[in-house]
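Q: I would like to learn how to read a ligand site and a nonpolar core. Can we work through one model together?

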Amino acid sequence: MSAPLFDPTGLDPRSATDEQRAEGPLARTPEGTWIVLRHEEAARVATDPETFSSAVSRFLQVPNGLDGAEHTAMRAATDPYFAPAEMAKLEPAVREIARDLVEELTADVGAEGTEVDAVSAIGAVFAVRAQTSWLGWSSELEGELLQWMVDNHVATRSGDLARTREVAERFDAIIGSVLAPRRAAGGDAPDDVTTRLMRQKVSVTSLADQVAGTRSGERGTAERELREEEIVSILRNWTGGDLGSIALCTGVLLTGLAQMPAVAERVRAGSYTEACAIVDELLRIDDPFVSNRRVATCPVTLAGQEISPGDRLAIHWTSANRDQRTFGDPDRFDPEGNASQNLVWGTGKHVCPGRPLATMELVVLLQELLAVADVAPAGTAGRRAVAPTGGWSHAPVLLTPRA
Ligand code: HEM
């Protein structure tokens, strides 16, 4: 049985897959990658890491490109950075950043309101400030990181490998500029998340480490510090990949709330928990974090299709989150009813560790904005993002100061 062809070039991933999903659970790109479109199969692939490996890149990606014990060890070392106590400690600083940004955006705005792009003017600026504050990076990096986000977006879209490499190297140089002074300062380095990560221990469980351990006569699990390339990879994950996601999420959330004033009122006046549920559901309906890759490790049948070892797959979260078989009408807003099936943060071993941070940042931003402004649809039309990103590339909303 052959799978339908999937070529999302130039298309909005949401509308493209709404049609494609009706044709079958799997589709195939011209290059042969299986696109997993439906909820049931997406959850199956994500929760079977032995059959569907995350080792898809020849570059080190910690932890997302790791499998098995090595992945477990890296998650055990890095998940505590997102623990509830860490988030509670960080929240006041994030709230202040959100408040300052909202003030910048709404100062001197009259009753007619002001039109702003929720992605570039709110989401991207907020993401850079919140993430640098969390990591303890200088606020002077703001301009460089914002420019990097724009260039990274253009490079990804171009498909030009040399350009993508240049942008990646530029980001590694930014990380290097953050690590070097801390290393030089030794014990006097600032006590922040980045310095802690540089001193982070990890339980040695990787095959290479085990072989090295056996050779040196050591047995069992040992602890070692993270290697330089592992630290760089983790920081790349925590910033490079994530800044864009927060910006796109902000576009989706504010566009959604502008169209649903009663829901905006619930975010404004309701509990933190209720606001989190609303954020999750708005992102389910229009998930801007489109897909993640896997590679099959053995022959397997998925939705009636024979998948061969080495075959590439992409779990299409945006599509799976709109599967009518699971959610009925995908646009029906039902935070409570849909929560248990929501795949915005993934599922299985690779489920997003940054969810508590991302959610806290997004909820705090919405709360601070809605406290002083009403959000309504703008006169200017928005622009949908096209594959490989989702959500809105330009999401104008009208902010009107509240009396
Ligand atoms: C802003 C919205 C975000 C969304 C929608 C999102 C979504 C996801 C999803 C769906 C996965 C699963 C990937 C897979 O199965 O291969 C994932 C993994 C991951 N996310 Fe997030 N994420 C977000 C923000 C963040 C933030 C703020 C951080 C950290 C600062 C973060 C760090 C990671 C890491 C390190 C992984 C890889 C985990 C692993 O492979 O074990 N994410 N994310």
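Q: How far from an oxygen atom of the ligand does a polar side-chain atom of His350 lie?
A: Keep in mind that this is a predicted model. A polar contact needs N or O atoms within 3.5 Å. For His350, the separation from a ligand oxygen is 2.6 Å. The side chain of His71 also places an N or O atom 2.6 Å from an oxygen of the ligand. For Arg294, the corresponding value is 2.8 Å.

Q: How many residues surround the ligand, and which are the closest?
A: The shell has 26 residues, and the closest are His71, Arg75, Arg294, His350 and Cys352. By class, 14 are nonpolar, 8 polar and 4 charged.

Q: Which element gives the largest share of that shell?
A: H10 does, with 5 residues. Elements supplying at least two residues each include helix H3 (68-78), strand E7 (291-296) and helix H16 (355-372).

Q: What should I look for in a core?
A: In soluble globular proteins, nonpolar side chains tend to be buried together. In this model, the largest nonpolar core has 87 residues. Phe126, Trp134 and Leu283 are among those with the most contacts inside it. H10 gives the most to this core, 14 residues. Apart from it lies another core of 17 residues, including Ala3 and Ile315.

Key. Residues numbered from 1 in each chain as written. Predicted model: local features only at pLDDT ≥ 70, side-chain atom pairs only at ≥ 80, totals over all residues. Heavy atoms only, no water. Near = heavy atom within 4 Å. Polar contact = N/O pair within 3.5 Å; in protein donor to acceptor, adjacent residues only side chain to side chain. Helix = DSSP H or I, 4+ residues; strand = E, 2+ residues; numbered from the N terminus. Nonpolar A, V, L, I, M, F, W, Y, C, P; charged D, E, K, R; others polar. Core = buried A, V, L, I, M, F, W, Y, C linked by side-chain atoms within 4.5 Å. Buried < 20%, exposed > 50% of the residue type's maximum accessible area, 1.4 Å probe, protein only.
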